[in-house]
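Hi,

Here's the structure I said I'd pass on. Have a look, and my notes follow below.

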Amino acid sequence: MNEVELDTIDRLHAELVAREPYAQVESAYYEGQQRLASMGLAIPPEMRDLSVIVNWPGMFVDSIEHRMDVEGFRLAGQWRGDEQLWDWWQYNDLDEESSLAHLEALIHGRAYVCVGYNEDNPEIPLITVESPRSMIVETDPRTRRVTAALRLYEPDPPRGVGCTLY
């Protein structure tokens, strides 16, 4: 690995670490564990323990995500769905995995999908959904194209965290 790649890893890792506190709050709201801030109402100190957490954010997000099921792919100029794309979708178990991507995007405002080489079947790409809590991308502000991406993972937790730089 050269110095430019190491600098890119360090820069993206620092950005991912800096975003983690926000991701924790977003997840807490979704899971119904975050207390809402005071709305300007005077609540006596002895009654503050009686405050209730209502999981409206989680119910709202789940109701949207349940409507986001992909049912097929139709290319421009075709009236029938593309069978090859659907086969790739099924091979990669994206019926389930795409729901995770939709959920992450609704909770955190972003989610990532990686498309790569499949060693088991080179004819079909390997498509994985990645959480914004373990992946980050850098984009060119002019073209909005991804210029670098970092995915963290724990291949063997006692030995530490690994990463893939794209």
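**Notes on the model**

The side chains of E65 and S99 are joined by a polar contact of 3.2 Å (a pair of N or O atoms within 3.5 Å, where one must be able to donate a hydrogen and the other to accept it; residues adjacent in sequence count only if both atoms are side-chain atoms). Bear in mind that this is a predicted model: local features need pLDDT of at least 70, side-chain atom pairs count only at pLDDT 80 or more, and totals for chains, interfaces and linings use all residues. Residues are numbered from 1 along each chain as its sequence is written, and side-chain values use heavy atoms, with hydrogens and water left out.

Back to E65: it's buried (under 20% relative accessible area; exposed is over 50%, partly exposed in between, with a 1.4 Å probe and protein chains only), yet has no salt bridge. That term means a side-chain nitrogen of Lys or Arg within 4 Å of a carboxyl oxygen of Asp or Glu. R67, the nearest side chain of opposite charge, is 9.5 Å away (Lys and Arg count as positive, Asp and Glu as negative; His and the chain ends are not counted).

Elsewhere, the structure holds five salt bridges. One of them pairs E138 with R11 at 2.8 Å, N to O, and links distant parts of the chain, 127 residues apart. E138 is partly exposed at 25%, and R11 is partly exposed at 42%. Another is R80 with E83, at 3.7 Å; R80 is partly exposed at 48%, whereas E83 counts as exposed at 54%.

Cheers

Methods
Helix = DSSP H or I, 4+ residues; strand = E, 2+ residues; numbered from the N terminus.
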